[in-house]
Amino acid sequence: MSNAIRFAVSALALSAASPAFAQDEGEGEYDDEPRPEIVVTGEGLEPALSNIVYSTTNIERETIVSSGSGRLDDVLANVAGFQQFRRSDSRSANPTAQGVTLRALSGNATSRALVLLDGVPIADPFFGYIPLSAIAPETLRNIRVTRGGGSGPFGAGALAGTIELESAGLQTLGGGTASLLVNDREETEASAVLAQELGAGFAIASGRWDRGQGFFTTPVDQRVPASARAAFDSWNIGLRGVAPLGEDTEVQARVALFRDERTLRFEGADSTNEGQDASLRVVGRGDWAFDALAYVQARNFSNVIISSSRFVRVLDQRNTPSTGLGGKFELRPPVGDAHDLRVGVDYRRSDGELEEDAYSAFSGNLTERRNAGGVNSNLGFFVEDDWSIGPLVVTGGLRADHTRIEGGFFRARDADGALVSETIAPDRSDWALSWRAGASFYATRRLDLRAAAYTGLRLPTLNELYRPFVVFPVVTQANAALENERLKGFEVGLSWQPINEAVLSLTAFDNRVENAIANVTIGENLRQRRNLPAIDAQGIEAGLAMVFGEVSFDGSLAYTDATIDGEGASLALDGNRPPQTPELSASATLAWQPREGWRLATTLRHVGAQFEDDQESDRLPPATTLDLFAQVPLFGKLSLVARAENIFDETVVTRNAGGAIDLGAPRTVWLGVRYGL
């Protein structure tokens, strides 16, 4: 990984230098030709026209930087139907529980939605979770959430949809921004983003450090002397450079490092999540537009499990190094004004290995050493075309993916090194076709109608295939025979603008995930990852956006009827609601911006009841929270910032394992300053 970091840093240096070289080239005493203005943006190609066909939500920067918690997961929660595996936020959850999904398609801590940062997939190569604390919201310009199976670049991971994070450029950031806040638990949040023009390009450096003692996730009546606050200490730094390679071509390079330390429930139950990422991207905006991308990621995770009865260490997941690498090439050839054609290829490879030690809860002695790992890869070819026919836009896309799962193993040895058990998984590969198609009709000046159908694909992660885990006393076994998940679905919707100041959107959908991977109960305190026959989800999504002068309103609601389709060994689950899946979720933000630099906003959010497990035995009650945000200019570019999370101190149950409860964030008040350079 160090070579990759050095390479990306060199690319940044070359990016900064290239404008100077470009300026010198061809200049001379008799050169009086006017030079075209070169403008670099740091963005990708224009979003495809097909975005208007599918259920898509855009989150603008002013909303991204004004959430009650200041964290990315809180921003994404404004999109009803977005969910992590659990309700915990990115300070108090175990990082491996931060898989994200859309449309109530159930969760097993692995992401069913594809999350991209400037076109790069950011899911952990081994576990499949999203390192939400590694992305500082203040570095982003826009977030685009598209629900439903995807068939474009990296579409093999877009089972439930795609979440595209776009970094802010020089035009958005100006010289940059900095902030410092403290809350009522004396926790701190410090961040800075510096932007500098370099010739015809620019460079952006960013950093953020969050730390605090946390809150007790354990209810008062269940606390013991070993109970601990959910302490957190996380930082991330990044460097991004953009420079022109020609009149309509630019290079974008990025390096980032992060580390996140957390404590969960008991003293000593500490986890560490860290990573180093680098990417290089070349974007051409000429007649033959193209987007070429290469990236590499090095990640690691460690975790200590504490017994909930004797409160001693029983498992030390001391090392889980993993590497992700990949790239894509997308070409948009000129085929006429009525068509927007995209063809390309992408590749992803994930490899990793778990190293953990098990200990006796009674003697404290080492009982087993375990390691497991493997390699997953995916090569995809895609083509998609948008065809404009007057008021009608028709789109269709096709993907062919060659998936390969190889080198899989699990091995356990006793304290003396003798082999206790071993699993060597056979290598396997397959070809799979995915497609999507739809149309949008501009019915009147105020009404758009749309319909779409699609399929999707997701490989099981290395974690699901080979790594067993324990949330004491429940043991969950891995399953090296897991098959790929496949999605089939369709949706119909409309966008209606009854008056100029308001837009209402409605979408009805029906999605089915076949071979859905879930943690299936097979005995007392024993589960195994298995493929269910299917998970069916039908529902309604609604959005309302209104702007009346200085006042704006953004609302989102999702109602989903989701059930497990069980047969054979899973027949007992037939008709059950999938775990961690609420029936109703909603979010509404009311904001007032009386003048430049001011913003007062309040966000009301509701999550319906859901079940902890597949047996529907442990219920998580519904929860409604209210967040507040205020930014008031003081003088110059300095502003006072006040935030409040869960202002009414609602009890949010995030886990219920046989009556053992975990809680989400209580009322938290932040106060600080923000300086816009």
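This briefing walks you through a few features of the structure above. Please keep in mind that the model is predicted. Good places to start are a five-stranded open sheet, a nonpolar core of 41 residues and a set of 52 salt bridges.

**An open sheet**

- Five strands make up an open sheet with mixed pairing, and their order is 1-6-7-4-5.
- Strand 1 (56-60) and strand 5 (120-121) are at the edges with a single partner strand each, so one side of each has no neighbour in the sheet.
- Strand 1 pairs with strand 6 (residues 140-147) in the antiparallel sense, over five bridges.

**Nonpolar cores**

- In the largest nonpolar core, which has 41 residues, the members that touch the most others are Leu72, Leu140, Ile143, Ile163 and Leu165.
- Elements giving two or more residues to this core include helix 3 (72-76), strand 4 (113-117), strand 7 (161-167) and strand 28 (551-565).
- Strand 26 provides the largest share of this core, with five residues.
- Leaving aside residues up to four places away in sequence, Leu72 touches Leu132, Ile135, Pro137, Leu140, Ile143 and Leu165.
- Another core, of 15 residues, lies apart from it and has Phe126, Tyr129, Ala372 and Leu465 among its members.

**Salt bridges**

- Glu541 and Arg103 form a salt bridge whose closest N and O atoms are 2.8 Å apart.
- Glu541 is in strand 27 and Arg103 is in the loop between strand 3 (100-101) and strand 4, so this pair ties together parts 438 residues apart in sequence.
- Both Glu541 and Arg103 are buried.
- Glu189 and Arg643 form a salt bridge too, with the closest N and O atoms 2.8 Å apart.
- Because Glu189 sits in strand 9 (residues 188-198) and Arg643 in strand 34 (residues 638-645), the pair ties together parts 454 residues apart in sequence.
- Glu189 is buried, with a relative accessible area of 4%, and Arg643 counts as buried at 4% relative accessibility.

**A nonpolar patch on the surface**

- On the surface, Leu180, Leu634, Phe635, Leu640, Leu671 and Val673 form a nonpolar patch with about 560 Å² of accessible area together.
- Strand 33 (623-635) and strand 37 (668-676) each contribute at least two residues to the patch.
- Leu671, found in strand 37, counts as partly exposed at 46% relative accessibility.

Terms used
Residues numbered from 1 in each chain as written. Predicted model: local features only at pLDDT ≥ 70, side-chain atom pairs only at ≥ 80, totals over all residues. Heavy atoms only, no water. Patch = residues over 30% accessible without salt bridge, like charges linked within 9 Å, V, L, I, M, F, W, Y side chains within 5 Å. Areas by Shrake-Rupley, 256 points an atom, 1.4 Å probe, with all protein chains shown as cover. Salt bridge = Lys/Arg side-chain N within 4 Å of Asp/Glu carboxyl O. Helix = DSSP H or I, 4+ residues; strand = E, 2+ residues; numbered from the N terminus. Buried < 20%, exposed > 50% of the residue type's maximum accessible area, 1.4 Å probe, protein only. Pairing = 2+ DSSP bridges. Core = buried A, V, L, I, M, F, W, Y, C linked by side-chain atoms within 4.5 Å. Contact = heavy atoms within 4.5 Å.
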